[in-house]
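Hi everyone, thanks for coming. Let's have a look at this one together, starting with its surface and then moving inside.

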Amino acid sequence: MGEIEVAETHGEAYKVTVSCEGEPRTFNEAMSRPDADLWYAAMTEELEVFEKIGLYEVVEWPCDRKIIDLKWVYKIKCGLHGEIERYKARLMAKGFTQVHGIDYTDTFAPVTKFSTI
């Protein structure tokens, strides 16, 4: 499933690209594949992390508000030699539908300095 291309310059090899193909584009596609159990486990892991860090709180749905759509994004993480290391699923909110002051009030972008790493 993975593929690696190696370029050689002056006797030294360099990794040029690694591509893992065959990632599902939708939830239904992920659940209809032979590896559906691995995608389900990746999605479960993502939701468990959300719960562990207290990312959300369950509230009653205000009838006069629109619910923001979500989308699962799937990636196959490959190793240096193209072997599959893990299945990764991310739950993404379609934030472009949100209205400031109604759906959210704060924005932030976590950053770090290189020296901190």
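First, a definition: a patch is made of residues with over 30% relative accessible area and no salt bridge, where like charges are joined within 9 Å and nonpolar side chains (Val, Leu, Ile, Met, Phe, Trp, Tyr) within 5 Å. A salt bridge here is a side-chain nitrogen of Lys or Arg within 4 Å of a carboxyl oxygen of Asp or Glu, and areas are Shrake-Rupley values with a 1.4 Å probe, with only the protein chains shown counting as cover for residues.

This is a predicted model: local features need pLDDT of at least 70, side-chain atom pairs count only at pLDDT 80 or more, and totals for chains, interfaces and linings use all residues. Residues are numbered from 1 along each chain as its sequence is written, and side-chain values use heavy atoms, leaving out hydrogens and water.

So, which residues form a nonpolar patch on the surface? They are V49, I53, L55, Y56 and V58, together with about 540 Å² of accessible area. I53 sits in the loop between α2 (36-52) and β3 (70-78); helices (H or I, at least four residues) and strands (E, at least two) are DSSP runs, numbered from the N terminus. I53 is exposed, at 58% relative accessible area; exposed means over 50%, buried under 20%, and partly exposed in between.

Zooming out, the protein has two helices and four strands, in the order β-β-α-α-β-β. Of its 117 residues, 18% are buried.

Finally, M43 touches F27, M31, W72, Y74 and A89, leaving aside neighbours within four places in sequence; contact means heavy atoms within 4.5 Å.

Note on methods
Buried < 20%, exposed > 50% of the residue type's maximum accessible area, 1.4 Å probe, protein only.
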